[in-house]
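Biologist: I have a new model open and would like to learn how to read it feature by feature. Could you take me through it?

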Amino acid sequence: HEEDSLGILSRLEQQGRKAHLALFGNFVLEDLVEQPEPRIFATHLSREYLPRELFDGGEDGEGTGKLIVVIRNLKDAMCSLHNFRGLPQDGWFGNEHGPGTFARYLMLNGECPNAFGSAFEWLRDNNDAVMSIGNKRALVVYYESLIMDFNGQLQRINDFLELGTLTDAKAQAIEEACALKSMQNAEGGARYK
């Protein structure tokens with residue numbers, strides 16, 4: 001694919017339609033890839049599926065674009081995953097239906113059957129991505145910091161993206177849009193109730 005500068009289409013062809021559905025659901029990949037620049041993608045994908053230009057596609061060979069990684073306390077992430085789609089059949093510590101959330105969460109080396117894979121491997125991969133890009137084009141945001149100081153973290157993200165002045169009205173509108181109540185009222189927001 002000559003137009004596939006990100007290399008995503010060719011990688012998906014190798015893995016087939018099943019991988020496409022697992023990664024993107026019902027979205028048409030071409031719609032995502034061909035969005036006008038600048039683009040913002042929110043994803044749980046690992047580095048291997050991020051645009052190659054992020055790492056080595058710039059004029060200076062150092063890559064283009066910016067990466068923001070949001071990290072959550074792994075204990076909280078484990079509890080959230082446990083309850084994400086309702087209580088799993090094998091419970092927390094396991095039973096005749098399986099090993100349980102706790103054991104699954106701790107699995108490493110590609111054995112983790114969780115929907116988003118191993119949190120530890122994801123954290124390692126994203127740490128590698130951030131380190132290879134550097135702090136001028138990569139920003140790490142901690143979920144807990146967003147909860148404790150939303151406006152401060154929002155300003156930090158705004159400054160990193162060089163978006164200009166973040167007015168109080170804009171910050172308030174963003175905070176309201178990100179509030180639990182807004183997510184509950186959004187289409188498909190039933191899982192947050």
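Predicted model: local features only at pLDDT ≥ 70, side-chain atom pairs only at ≥ 80, totals over all residues.

Biologist: How many helices and strands does the protein have?

Modeller: Helices (H or I, at least four residues) and strands (E, at least two) are DSSP runs, numbered from the N terminus. Here you get 11 helices and 2 strands. Reading from the N terminus, the order is α-α-α-α-β-α-α-α-β-α-α-α-α.

Biologist: And what share of the residues is buried?

Modeller: Buried means under 20% relative accessible area, exposed over 50%, and partly exposed in between, using a 1.4 Å probe and protein chains only. Of the 193 residues in the protein, 29% are buried.

Biologist: Which residues make up the largest nonpolar core?

Modeller: A nonpolar core is a set of buried Ala, Val, Leu, Ile, Met, Phe, Trp, Tyr and Cys residues joined through side-chain atoms within 4.5 Å. The largest one has 10 members: Leu50, Leu54, Phe55, Leu67, Val69, Ile71, Ala129, Val130, Ile133 and Ala138. Helix H4 (53-56), strand E1 (67-71) and helix H7 (119-133) each put in at least two residues of this core. Another core, of 9 residues, lies apart from it, with Leu139, Leu154, Leu166 and Ala171 among them.

Biologist: Which backbone nitrogen does the side chain of Ser118 reach?

Modeller: Think polar contacts here: pairs of N or O atoms within 3.5 Å where, within protein, one must be able to donate a hydrogen and the other to accept it, and residues adjacent in sequence count only if both atoms are side-chain atoms. The Ser118 side chain reaches the backbone nitrogen of Glu121 at 3.2 Å. A polar atom of that side chain also lies 3.2 Å from the backbone nitrogen of Phe120.

Biologist: Now the salt bridges. How many are there by this rule?

Modeller: A salt bridge is a side-chain nitrogen of Lys or Arg within 4 Å of a carboxyl oxygen of Asp or Glu, and the count comes to 2. In one of them, the side chains of Glu162 and Lys66 meet at 2.8 Å, N to O. That pair links distant parts of the chain, 96 residues apart: Glu162 is in the loop between H9 and H10, and Lys66 is in the loop between H4 and E1. Glu162 counts as exposed because its relative accessibility is 64%, while Lys66 counts as partly exposed at 32%. Arg124 also forms a salt bridge with Asp125, with the closest N and O atoms 3.1 Å apart.

Biologist: What is the phi of Glu162 about?

Modeller: Glu162 has a positive phi of about 55°, although it is not a glycine.

Biologist: Which residues make the nonpolar surface patch?

Modeller: Patches are made of residues with over 30% relative accessible area and no salt bridge; like charges are joined within 9 Å, and nonpolar side chains (Val, Leu, Ile, Met, Phe, Trp, Tyr) within 5 Å. Ile68, Val70, Tyr143, Ile147, Met148, Leu161 and Leu163 make a nonpolar one of about 660 Å². E1 and helix H8 (143-148) are the elements that give two or more residues to the patch, and H8 gives the most, with 3 residues.

Note on methods
Residues numbered from 1 in each chain as written. Heavy atoms only, no water. Areas by Shrake-Rupley, 256 points an atom, 1.4 Å probe, with all protein chains shown as cover.
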